[in-house]
Amino acid sequence: MFRSRKYQISLVLTMLLIGNCFFLSGCQKQELTNAYCNTNINVADTSEDVVSESSVQKLEAFSSQLAVLPENFTNQFSYESNVGEMLLVNDDTNEILYSMNSMKEIAPASTTKILTAYIVLQKCNLNDTVTLQSDIALEDGAVALFIGKGDTITVDELLHGLLIESANDCAVALARHVSGSVDAFAELMNETALSLGATHSHFSNPHGLDEKNHYSCAYDLYLIFKQALTNDHFREIIGTKQYTIQYTDEKGEKVKVPISSTNQYFKGQYAIPEGVTIVGGKTGTTSNAGNCLVLSAENAAGEHLIGVVLCATDRSQLYDTMSHLLCKNQ
């Protein structure tokens, strides 16, 4: 696909800033392994071959609103777990409290749906109706509402199915609605992820079922989740414990499907740490990804936290690890 010269310059600048140079964070300059860079900046003040200082400053300004990971980062507390990745961020101070392997590219499972929801909320009206033009084929055992050809459902209902039940057919229906096909939507996902600074990610589908070249990392998921949390409706849905999906089937009959959150804290399967309030989050589980959780919470001091745990061997390890991270912050 053809890209303008200015787009190419800004993209190259982004890669250089992320990988090789010093980035401004607060009052100090630190060498970073990653940082927030938006490739859609206005580079009208650039020539064919030179990017101006003002453009660099625009890129630097983004990082001041995010937690960044210095090259020689030291965790604020000691904790060991054999999960794949861990990250804990104070979202009020934009400070990383704990990080382990948080830049390692790994299968993200249904935490992928955070990005899908973010894009849909940017592109669609909640009351838009979606009429399925064909059935949705998924692998055996995949979570689904089992909506099919001829069914009509609103974008809002699909979002609830996507984020609460983690229904994979909702992800496909939304992708088709936004972009016409899953492949076209995946291209949009990758463009959007890059614009949010998620440079260690590549998405091949909107649901997160295991697929070649579908990966992310704890830090990128933090970036995407943080941006999604700016949407009030997203926060409302991920904090919903139970809901009833309503749609019209191909025969014109009304269908109601009760669903419940996959968040085991909400189900009462795992105790919420004392002094912690769970705002909401997104789970994910596949054979490649193991058990995953991206979570928004508040500690006893009222500070907002974002926790990411990826590739736990089972649910017990996943929630025990997340609870330990949240407790260590008290």
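User: Which residue forms a salt bridge with Arg235?
Analyst: Arg235 pairs with Asp232, and their closest N and O atoms are 2.5 Å apart. A salt bridge here is a side-chain nitrogen of Lys or Arg within 4 Å of a carboxyl oxygen of Asp or Glu. The model is a predicted one, in which local features need pLDDT of at least 70 and side-chain atom pairs count only at pLDDT 80 or more, while totals for chains, interfaces and linings use all residues. Residues are numbered from 1 along each chain as its sequence is written, and side-chain values use heavy atoms, with hydrogens and water left out.

User: Where do Arg235 and Asp232 lie?
Analyst: Both belong to helix α8 (residues 232-238), 3 residues apart, which is about one turn of the helix. Helices (H or I, at least four residues) and strands (E, at least two) are DSSP runs, numbered from the N terminus.

User: Is Asp232 buried or exposed?
Analyst: Asp232 counts as exposed because its relative accessibility is 53%. Arg235, at 34%, is partly exposed. The cut-offs are under 20% relative accessible area for buried and over 50% for exposed, with partly exposed in between (1.4 Å probe, protein chains only).

User: How many salt bridges does a search of the whole structure find?
Analyst: The search finds 2. One of them joins the side chains of Lys226 and Asp91, at 2.6 Å from N to O. This pair links distant parts of the chain: Lys226 sits in helix α7, Asp91 sits in the loop between β4 (85-90) and β5 (95-100), and 135 residues separate them.

User: And why does Lys226 count as buried?
Analyst: Lys226 counts as buried because its relative accessibility is 15%. Asp91 is likewise buried, with a relative accessible area of 18%.

User: Staying with α7, at what angle do the axes of α3 and α7 cross?
Analyst: The axes of α3 (residues 113-123) and α7 (residues 218-228) cross at roughly 35° and come within 9 Å. Axes are lines fitted to C-alpha atoms, for helices over the stretch in contact, with angles from 0 to 180 degrees between N-to-C directions.

User: Which residues meet there?
Analyst: From α3, Ile114, Leu115 and Tyr118 meet Ile224, Phe225, Gln227 and Ala228 of α7. Contact means heavy atoms within 4.5 Å. The residues of this contact divide into 6 nonpolar, 1 polar and no charged. In that count, Ala, Val, Leu, Ile, Met, Phe, Trp, Tyr, Cys and Pro are nonpolar, Asp, Glu, Lys and Arg are charged, and the others, Gly among them, are polar.

User: New topic: how many aromatic pairs are there?
Analyst: The count comes to 6. One of them is the tilted pair of Tyr219 and Tyr222, 5.7 Å centre to centre with 50° between the planes. Rings of Phe, Tyr and Trp (its six-membered ring) pair if their centres lie within 6.5 Å; planes under 30 degrees apart are stacked, over 60 edge-to-face, and the rest tilted. Tyr219 and Tyr222 both lie in helix α7. Tyr219 counts as buried at 0% relative accessibility, and Tyr222 is also buried at 0%.

User: What about Tyr265 and Tyr319?
Analyst: Their ring centres are 4.9 Å apart and their planes stand at 85°, so this pair is edge-to-face. Tyr265 is in helix α9 (residues 264-267) and Tyr319 in helix α10 (residues 315-328), so the pair ties together parts 54 residues apart in sequence. Both are buried.

User: Which residues does Tyr270 touch?
Analyst: Leaving aside neighbours within four places in sequence, Tyr270 is in contact with Gln264, Tyr265, Arg315, Ser316 and Tyr319. Tyr270 itself is in the loop between α9 and β10 (277-286). Its C-alpha atom is 8.2 Å from that of Asp320, 50 residues away along the chain.

User: Last topic: what is the phi of Phe146?
Analyst: Phe146 has a positive phi of about 65°, although it is not a glycine. Most residues other than glycine have a negative phi. Phe146 lies in the loop between β6 (129-131) and β7 (152-154) and counts as exposed at 68% relative accessibility.

User: And what is the phi of Ser166 near?
Analyst: Ser166 has a positive phi near 65°. Ser166 is placed in the loop between α4 (155-165) and α5 (168-179), and counts as buried at 7% relative accessibility.
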